[in-house]
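Good morning, and thank you for joining. I would ask you to look at the model on the screen while I describe two places in it.

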Amino acid sequence: MRKRYRRTRTRSMRLVAAAAATLAVLFAAAPGAASAGARSVGELAAAGAGHQVRATVFGSSVAAARNADGRLEFFGTNSGDAIFHRYQNSIGGNWSPWAQFDGALRAVAAETNADGRAELFGVNSAGGIFHRWQTSPGGAWSGWEQFDGALTSIAAARNADGRLEIFGTNSAGNIYHRWQTAPGGSWSPWAQFDGGLTQVAAETNADGRVELFGVNSGGGIFHRWQTSPGGAWSGWEQFDGALTSIAAARNADGRLEIFGTNSADGVFHRFQTTIGGNWSPWAQFDGGLSQVAAETNADGRVELFGVNGGGYVFHRWQTAIGGPWSNWVQFDGLLRG
């Protein structure tokens with residue numbers, strides 16, 4: 001009986017091993033299964049212990065810029081990476097319907113060239129970096145052109161002499177920037193800043209010095225600025241608080257204002273108390289958003305745009321220059337929240 005049992009058990013074990021080998025071959029041949037099958041024993045053990053690979057954090061799905069005639073234009077991407085834009089039909093007035101661009105992007109930024117032509121920048125899900133621009137102020141758009149490199153977030157600002165400068169972070173949190181070598185012209189190579197961030201925003205001070213803002217993977221909020229227009233950069237300084245997204249705009253009197261959302265979708269803002277000076281404490285808006293963008297209307301009133309976790313799109317604006325804020329108003333459509 002013992003010998004028969006041992007022979008039966010050995011035969012069963014061989015059958016199980018053969019079946020496992022067959023399943024392994026079939027699994028490896030299945031589309032999309034190769035990367036999972038290629039995980040090492042150590043990686044599988046780590047996954048079983050509750051460790052997860054950190055997901056890539058992308059920048060804001062919304063951006064805004066002001067056209068040459070003062071009308072704001074708003075850009076956004078949805079959950080399928082489709083790209084849309086709409087614009088004010090008159091300065092500070094009603095908005096056009098959404099129109100779709102070709103292509104696909106995950107995060108966007110926008111800024112206006114010195115001659116009034118808006119330019120749109122973005123990164124796609126693979127990190128590819130693209131831009132397109134109005135071929136005349138407020139007019140038709142060029143096709144997409146690709147930059148070298150790979151980023152996951154992007155921001156843009158205009159230097160005092162009219163040259164655009166873009167900023168971005170990659171999947172490792174490294175921070176880069178490049179700039180037009182002449183207004184509306186070709187671009188410099190990428191240059192790297194020290195530090196590590198996951199999202200960035202930029203705006204130009206009243207004296208023409210660009211200021212860069214960002215949040216890191218732990219929610220820490222930092223900024224640095226050109227020490228002279230178009231010149232060298234200060235070191236990083238940290239704000240109090242914690243955010244997961246950030247945007248910036250300039251008030252009519254030249255004071256910068258920054259906006260952000262935290263991990264609970266709380267919406268906050270703070271502003272310079274004097275031009276280029278110290279900053280107010282954080283103040284909280286009502287409502288909940290996960291992505292934000294901001295731009296200044298032709299009359300100097302800042303307008304804030306945002307998307308909540310469900311993809312719903314909202315905006316609000318200062319009802320007087322530097323003054324109180326309107327309530328939230330919802331746009332139609334859905335964007336990536």
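Predicted model: local features only at pLDDT ≥ 70, side-chain atom pairs only at ≥ 80, totals over all residues.

Let me begin with a term: two strands are said to pair if DSSP finds at least two bridges between them.

Strand 1 covers residues 62–66 and strand 2 covers residues 72–77. The two strands run antiparallel, with five bridges joining them.

Where is Gln226 found? It sits in the loop between strand 15, residues 221–225, and strand 16, residues 237–239.

Is Gln226 buried or exposed? Gln226 has a relative accessibility of 1%, and therefore counts as buried, since the cut-off for that term is under 20%.

Which residues surround Gln226? Beyond its neighbours within four places in sequence, Gln226 is in contact with Asn159, Glu165, Gly208, Arg209, Val210, Gly231, Ala232 and Trp233. Glu211 is 15 residues away from Gln226 along the chain, yet their C-alpha atoms are separated by 6.4 Å.

Finally, the side chain of Gln226 has polar atoms placed beside backbone nitrogens. The backbone nitrogen of Val210 lies 2.9 Å from a polar atom of that side chain, and for the backbone nitrogen of Gly230 the corresponding distance is 3.0 Å.

Note on methods
Residues numbered from 1 in each chain as written. Heavy atoms only, no water. Buried < 20%, exposed > 50% of the residue type's maximum accessible area, 1.4 Å probe, protein only. Helix = DSSP H or I, 4+ residues; strand = E, 2+ residues; numbered from the N terminus. Contact = heavy atoms within 4.5 Å. Polar contact = N/O pair within 3.5 Å; in protein donor to acceptor, adjacent residues only side chain to side chain.
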